[in-house]
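Q: Can you walk me through this one? I have a few quick questions.

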Protein chains: 2
Amino acid sequence: MTAPLHEAHPAGPGRALPDTQQGMRRRNLARVLHAVRAEGPLSRAAVASRIGLTRAAVSTLVDELVRSGLIEELGPERPGRVGRPGSALAVSGRGPAGIGAEIGVDHLAVCAVDLRGTTRSRAIRQGANRGRSPGPVIAELTELIGRVVAEAADEGLWPAGLAVAVPGLVARDARTVVRAPNLDWHDTDLGGLLPADLPLTVDNEANFGALAELWLEDGTPHDFLHVSAEIGIGAAVVVDGGLLRGTRGFAGELGHVPVRPDGPACACGGRGCLEQYAGEEAVLRAAGLEPDEDRVGLLAGRAAQGDEDVRRALRDAGTALGVALTGAVNLLDPQSVVLGGELSGLAPWLLPSLREELARRTAGPACPVSVSRLGPEGPLLGAAHSVVRAVLDDPAAVAARA
Amino acid sequence: MTAPLHEAHPAGPGRALPDTQQGMRRRNLARVLHAVRAEGPLSRAAVASRIGLTRAAVSTLVDELVRSGLIEELGPERPGRVGRPGSALAVSGRGPAGIGAEIGVDHLAVCAVDLRGTTRSRAIRQGANRGRSPGPVIAELTELIGRVVAEAADEGLWPAGLAVAVPGLVARDARTVVRAPNLDWHDTDLGGLLPADLPLTVDNEANFGALAELWLEDGTPHDFLHVSAEIGIGAAVVVDGGLLRGTRGFAGELGHVPVRPDGPACACGGRGCLEQYAGEEAVLRAAGLEPDEDRVGLLAGRAAQGDEDVRRALRDAGTALGVALTGAVNLLDPQSVVLGGELSGLAPWLLPSLREELARRTAGPACPVSVSRLGPEGPLLGAAHSVVRAVLDDPAAVAARA
DNA sequence: ACTATTTCGTCATGGCGATTTACAAATTAG
DNA sequence: CTAATTTGTAAATCGCCATGACGAAATAGT
């Protein structure tokens, strides 16, 4: 007999709803929808057995979801088993869509993802955004969004929300970019600049990248650390299937974890921060290269050609990352560490020394480090999917707007 | 309009219960009980308005809690306001009690806490436990537990569960002590040694200390870092009012965060871990003292007398702590850092350099660092209260056993 | 081919829990 | 002493899920 631990996370969809019969109904709608989405075409009976309700209850829930256009009936299953075949249910490919957007240092991107998780429309615009003021950038982005939304509309999709990934720190209001050094934006309220007719969420690209990893890649654990870097080095901490955001929303500032307390001074005021060793500028300098436009591509290219200076610089960066991650792993005990974002392109040269450093400093088996297969796509997909997730977590709310 | 963020923590009592009408009832019982406990004597109407149910619904819930003996009716309120006065409800001072126990390096302690949070009985036994095998220690502890339980029974309390704080790492099964260097225990299943008639939870003393801080001290934030040290340096991470445990239950190993990557070798395999600079042994060595029985007391005494060697050693330890905490704060963005456990006794000499280091390495306002007022009592109280909390979180479960 | 068996979806019924509505009781304001 | 206000409870109602029964649609066995 064991008393319950004090877990912070009960998990499961839609648990923020009130404890009334209507709230229960809404949560159960969400559970049905989640089950159908996660386990492909499913009969009502199959759903019932998975989520622990009776067939009758599931029937009425499914009716409601079908009426809302979130679930569609595919017709009778082709059975190999005895008994009347069920009627296959699947998440609808029409209806609400999640609009994801990314403001990168060198590009803007927008995509629309349907409830099934399929990307149905996308638009990209290359072009450096560093130092441009928010207004024009957002104006361009808004135009891309308009295009993507229109294209999605042609396929019977309507936008259920907009999520924007930015390379910087975002306040907990999910609207204000507090600091984006690569863009040189400070305390910018994107809510005032973007179309007001859509529910808006703004978040760090590392956070969205982590969510993409969590939701899109099979086998991703519920507790992991997602490291991402453009110029700054960010990390997202996923705990029990949710993001750890911190009081101000600044959690995951891996770039300013001290690696050598007496190292070179950093803009943050500290000394020897990870960014001084594994940040893009530092690596370029260590490799004897000049900063240029496609910096990651440059490094990857040189390293692939066998440039020993570049390789050494990356090895050293990996070692520094290993030291910082040792601290993080000791503190958080995650199930794995994932390298994502632009960083994943340099992984072949970073990983060996990173793993070696981590293993050397760990008693027992070291925390496994892997590379995201989503690569630079992660943040954009994570953003779009976060909107889809919100719909799946409370279908009743969105059905009311449909 | 803002789309919901992906929070990991809906928070609130008893959210692990199933989504059926009975589960709803159980959760609402918990909400009533929590409200009454947290906000002192309250009328049914007051409870109803706080938790958002109707007076009628609360009435039946309260009836059930009164019948279970968890709530008692104090009689009519003395009103200054117009209208019929309500009938004051309070949590019962009889009924279930939480039994907390602590296995320290130099002592054993047990206490009983009632639903109101009052400590009703306690027992302490001094005596070094380092290197003793688990069997005899647990036997002694069991005897103390028996005494405390008997004393509590005289006051109408019955034990609802037992929580044991140990100075070491505990597996997620909440029974097995994986590694307790100060006791020299390894992979010890306390579940097999302790009385089997009580629901048992075993956890790290830092974790229980953090919970005590969270639950007992007004104004404690929902996101903070609780640092604690006996010989090893442990930390507990509280996120959204819950403990972050990590995959294996080892989260919070602050002692092995690298502070100087090329520093002295550590037993963990790494180099320059915090423990090499701020661990008790390291500090004693740096101060030129021999390890002895009451080590913390020794250090505090010498420092208070003005022993400059000791003070310098503590200052340096504070600086090292500051470096490690900078990393942790950057990663977690907690609202505050609390120094607890034995460590709090040395705080006057550690804090200045710690704060200085943290501030120096932080852009903007540094994370506030405070000292626990619970001191060495924290873990024991946290353990007992964790049992009480479990009762408050699901009163129906315990009412069935009463 | 025909029947028995199994499974699916639905309907009618019932239980349970919260809301709604109404009302008596207990206080203050005038 | 009356009006107004608030509390607690009781009765009726509504919503949601469970239960049990039934027809429908498939397979398995004879």
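Q: How many residues of chain A are in contact with chain B?
A: In this predicted model, 67 residues of chain A are in contact with 67 of chain B; contact means C-beta atoms, placed from the backbone, within 7 Å.

Q: Which element gives the most to that side of chain A?
A: H9(A) does, with seven residues. Elements that each supply at least two include H1, strand E10 (200–204) and helix H11 (378–393) of chain A. Helices (H or I, at least four residues) and strands (E, at least two) are DSSP runs, numbered from the N terminus.

Q: And the numbering and confidence limits?
A: Residues count from 1 along each chain as its sequence is written, and chains are lettered from A and ligands numbered from 1 in the order written. As the model is predicted, local features need pLDDT of at least 70 and side-chain atom pairs 80 or more, while totals for chains, interfaces and linings use all residues.

Q: What does chain A have for secondary structure?
A: Chain A has 12 helices and 15 strands.

Q: How far does the chain A trace span?
A: Its C-alpha trace spans about 70 × 60 × 40 Å along the principal axes.

Terms used. Two residues are in contact if their C-beta atoms, placed from the backbone, lie within 7 Å.
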